[in-house]
Amino acid sequence: EIYLAWTDLNRVTAADCLDILSYFGEEEEPIAWSKAQSMLNVFNSRLFGTSAYEKFQKFLAKITAPHLDENGLEGIDGEASSLTSLRSSAKTWNCRALDEKCLKYEQQKLEAYLTSGVLSSTFDFCHALRLLGDDEYSKIVTAVAANGTYGSRASFLTSLGCSMKEENLKKFLAITIDSANILSPAERQNAWINTA
């Protein structure tokens, strides 16, 4: 079980927290999701790198997928702010669970941005870069390392380490240790700190 990798959280056990959170596949109140975010963050940071992390990701997918299946991955004009907030929370954790549908959706928005140069809709840079192909990733790395005025430079730089592809991560490592490029010491440090 997930909670075997967990000790105790004040007066509530991790098992109790997971039992409560397991209901969130049906929870539509954004305030409840907002409160749950802090617990999910704690679980995520404590379980990352353990044998229980994959189970935690499956748990995340289970509680977030129903909301995205019902409400979609993108909002529509005029929808209630509560629905927008619910979708945002569910989508963030669904992508963090590495749900392929969510990651591909973010990647498509990134590719549209790279093609047009126009940011027509927001996307999560980190999740968009997770499955990005080698060629597209290389173009971003080259542009970030060579152009101080590259659009969205800071967002890309702090997200390049999110890729799940070994070759891409090697490229990311190469630019962070290459003293010949234009990255400042602070940018190199931030890139490493923010690697997810």
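Select Phe 24 first: at 7% relative accessibility, Phe 24 counts as buried, where buried means under 20% relative accessible area, exposed over 50% and partly exposed in between (1.4 Å probe, protein chains only). The model is a predicted one, in which local features need pLDDT of at least 70 and side-chain atom pairs count only at pLDDT 80 or more, while totals for chains, interfaces and linings use all residues. Residues are numbered from 1 along each chain as its sequence is written, and side-chain values use heavy atoms, with hydrogens and water left out.

**Aromatic pairs**

A pair of aromatic rings is described by the distance of the centres and the angle of the planes. Rings of Phe, Tyr and Trp (its six-membered ring) pair if their centres lie within 6.5 Å; planes under 30 degrees apart count as stacked, over 60 as edge-to-face and the rest as tilted. The structure holds seven such aromatic pairs. In one of them, the ring centres of Tyr 23 and Phe 24 are 6.3 Å apart and the planes stand at 75°, so this pair is edge-to-face.

Select Phe 43 and Phe 56 next. Their rings form a stacked pair, 6.1 Å centre to centre with 25° between the planes. This pair links distant parts of the chain, as Phe 43 belongs to helix 2 (residues 30–47) and Phe 56 to helix 3 (residues 53–71), 13 residues apart. Helices (H or I, at least four residues) and strands (E, at least two) are DSSP runs, numbered from the N terminus. Phe 43 is buried, at a relative accessible area of 0%, and Phe 56 is likewise buried at 0% relative accessibility.

**The nonpolar cores**

A nonpolar core is a set of buried Ala, Val, Leu, Ile, Met, Phe, Trp, Tyr and Cys residues joined through side-chain atoms within 4.5 Å. Select Leu 21, Phe 24, Leu 40, Phe 43 and Phe 56, which touch the most other members among the 21 residues of the largest nonpolar core. Helix 1 (14–21), helix 2, helix 3 and helix 4 (81–96) are the elements that give two or more residues to this core. Helix 2 contributes the most, with seven residues. Then move to a second, separate core of 19 residues, which includes Phe 123, Leu 132, Ala 145 and Ala 191.

**Helix packing**

Display helix 1 and helix 2 together. They pack at an angle of about 130°, and their axes are 11 Å apart; axes are lines fitted to C-alpha atoms, for helices over the stretch in contact, and angles run from 0 to 180 degrees between N-to-C directions. Helix 1 is therefore oblique to helix 2, given that angles under 35 degrees count as roughly parallel, over 145 as roughly antiparallel, 65 to 115 as roughly perpendicular and the rest as oblique.

Select Trp 93 and Arg 96. Arg 96 lies over the face of Trp 93, at 4.4 Å from the ring centre; a charge sits over a ring if NZ of Lys or CZ of Arg is within 6 Å of the ring centre and within 35 degrees of the ring normal.

Finish at Leu 98, in the loop between helix 4 and helix 5 (100–116). Its phi is near 65°, a positive value in a residue other than glycine. With 30% relative accessibility, Leu 98 counts as partly exposed.
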